[in-house]
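Thank you all for coming.

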Amino acid sequence: MAVTQRIRVVVGAALAVAGFLFLFFSTRNTAQLTAQAQTGQNYTSTWEATKLITVDSAGGWRNVGILRNVPIGVAEWQVDTRTAVGGAQLLTETWRTPTSSEIVYNPADQTLTGSGFNSADWIFANHVGIFGDTPDGGRVRYKFQSTSVLNPSYKYTHGDAKVGGNAIQCRSNSDSNCLMPRGSYGWEVYHALGNLGSDRGRISASGLMMPARWIVTGTIY
Amino acid sequence: MKMRKIISIIVDNLLAIGLFIFAVGILSYYNSPRQNAVSSLPIKTSLTERDIAIAEAVKNGKKEYTFTTRFIPGVGVITDPETYKKEWEQQLQEDNNKKAP
């Protein structure tokens, strides 16, 4: 073979090898994409609250009575994950707090009790009764109720504030003791929203009951 | 005799053949879908616990899975509950002082 012929053979072989390598990697790329297409796609998740943590508390003064069923946070979520295109179901999940039985705070001995209640599963704080009126022994009751407690039958109106449902509970429309949520999983009894008494604008009781852990069960479709 | 002639033609044209294969390979490579061009990702969340639970269920041929998480929807992960509680109480105290007449 002439020298030029040999060079042509070597260069040709090198080019052929390079061509085969490109073919190999392009095939691998396609295979990876196929695998991804089978398991992955754009998706949307909807979170629906189906159960709420609500609070009952007195915490006001002058025999205010107990204010009830103010929701402070979600106790159960239903999660539905679907493909963004076509809406096919991918996953459903239920998120639950570690317990869903009533939890009671007793200010007399500063204890929290409830069936299955484990303090390690919750972040809590309770400050009650600075005005000394303590129906039910000043107990605070955290309940787990379906979202139907948000029945908009109650309306508080004061000045520009209009709140439907149980988002806020007051002794009456113009009263000074109102139980309301405070941020995530917190609450307060705010004294003297409407009155101009000497204790105007004080938080007379407050609490926090936030789940520190969730138990999730899911189904793959 | 014929075989030798064919081999001779191939050897003479090996550069052209190599060039042809190279061109086909490079065209195929650049026309194939790139991984970084994929805009959709597999079902992926920030929850490692979920990923592990799903992987385990798939491995065992199950459709149901369960896991626990310290991720609080709408709040995030609270790494230090005591600090969170103290900050919540401190904010409450500050608000109370502001609201006091």
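What you see is a predicted model, in which local features need pLDDT of at least 70 and side-chain atom pairs count only at pLDDT 80 or more, while totals for chains, interfaces and linings use all residues. Residues are numbered from 1 along each chain as its sequence is written, and chains are lettered from A, with ligands numbered from 1, in the order in which they are written.

Let me start with chain A, where five strands form an open, antiparallel sheet in the order E6-E13-E12-E11-E10. Strands E6 (122-127) and E10 (169-170) of chain A stand at its edges, and because each has a single partner strand, one side of each is left without a neighbour in the sheet. The partner of E6(A) in the antiparallel sense is strand E13 of chain A, residues 202-211, with six bridges between them, and within that pairing His127(A) has Ser206(A) as its bridge partner.

A further pairing joins strand E3 (residues 89-96) of chain A to strand E14 (residues 214-220) of chain A, antiparallel and over six bridges, with Thr92(A) bridged to Thr219(A). E14(A) also pairs with strand E1 of chain B, residues 64-69, in the antiparallel sense and over six bridges, and there Ile215(A) stands opposite Thr68(B).

That brings us to chain B, which has four helices and three strands, running α-α-α-β-β-β-α from the N terminus. Helix H3 of chain B, residues 48-59, reaches 16 Å from its first C-alpha to its last, close to the 16 Å expected (1.5 Å times one less than its number of residues), and just after H3(B), Gly61(B) takes a positive phi of about 70°.

Finally, which residues have the most contacts inside the largest nonpolar core? They are Val70(A) and Met209(A), in a core of 37 residues, to which strand E2 (residues 67-83) of chain A gives the most, with six residues. A nonpolar core is a set of buried Ala, Val, Leu, Ile, Met, Phe, Trp, Tyr and Cys residues joined through C-beta atoms within 7 Å, buried meaning that 20 or more other C-beta atoms, placed from the backbone, lie within 10 Å of a residue's own.

Key:
Helices (H or I, at least four residues) and strands (E, at least two) are DSSP runs, numbered from the N terminus. Two strands pair if DSSP finds at least two bridges between them. A residue is buried if 20 or more other C-beta atoms lie within 10 Å of its own, exposed if 12 or fewer, and partly exposed in between; C-beta atoms are placed from the backbone.
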